[in-house]
Amino acid sequence: KRVFIYLKAFKQLLPLLELLAKSDLSIIFYTGGLKLNQQIKEWPANIYTNQLPLDMDQIAQQCDFAILNGNHESFAFFSSKGIPCLNIPLQKEQSILAQLANQSGANISANAHDLEGMVKAINYLIENNSVKGKVKQLADSLNSQFQLSSECTEKVTQQIIANKIEALVQK
């Protein structure tokens, strides 16, 4: 399986990366501004890191699932492409999005403090195609319902998510 990772720093990030390094997964890890080279001197062969902006359409064509913090733009992008996401929220907005995603059955989430829970969620995405089927069904539904290009579907998905988060925050 091929995985795209875009995560901000959190306590369990390095232990998670160490476990993933021992897996059979091929990983593209967008590190953004993270300074991990002091902690990790040599990256394992199965983890390709990049700090520069990536061609996300190409990433979406090549990955089986994404591991994110639950930023609504990244989540909407991958969901609109039919790519399941494991959301590991670090902020309230991300937690709300993770709850919404879990309710749909199209994505899953894990607690950022629970390494074992993250590993279980990753294994679930590896072994279970139902999540991929549900997120693909959601993307196809939006595409056909609105007869939109994938770029427009992504924007509609972002707006739907933003509206639901705003409604939940106002409660």
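Predicted model: local features only at pLDDT ≥ 70, side-chain atom pairs only at ≥ 80, totals over all residues.

Colleague: Not counting residues up to four places away in sequence, which residues does Q94 touch?

Modeller: Q94 is found in helix α4, residues 92-104. Its side chain reaches the backbone nitrogen of Q91 at 3.0 Å. Leaving out residues up to four places away in sequence, Q94 touches N69, G70, N71 and P89.

Colleague: Does Q94 count as buried or exposed?

Modeller: The cut-off for buried is under 20% relative accessible area. Q94 has 11% relative accessibility, so Q94 counts as buried.

Colleague: Which strands stand at the edges of the sheet?

Modeller: The open sheet has 6 strands with parallel pairing, in the order β3-β2-β1-β4-β5-β6. An edge strand has a single partner, so one side of it is left without a neighbour in the sheet. That describes β3 and β6.

Colleague: Which residue in β6 does N87 stand opposite?

Modeller: Strand β5 (residues 85-87) runs parallel to β6, and 2 bridges join them. In β6, the residue opposite N87 is S109.

Colleague: What angle does the direction of α5 make with that of β5?

Modeller: Helix α5 packs on the sheet, where it touches β4, β5 and β6. Its direction and that of β5 make an angle of about 170°.

Colleague: How wide an arc do the buried residues L13, L16, L17 and L20 of α1 cover around the axis?

Modeller: These four leucines are buried in helix α1, residues 13-21. What covers them includes β1, β2, β3 and α5. They lie on the same side of α1, because their arc around the axis is only 100°.

How values were computed:
Residues numbered from 1 in each chain as written. Heavy atoms only, no water. Buried < 20%, exposed > 50% of the residue type's maximum accessible area, 1.4 Å probe, protein only. Arc of directions from axis to C-beta. Contact = heavy atoms within 4.5 Å. Polar contact = N/O pair within 3.5 Å; in protein donor to acceptor, adjacent residues only side chain to side chain. Pairing = 2+ DSSP bridges. Axes fitted to C-alpha atoms, helices over the stretch in contact; angles between N-to-C directions.
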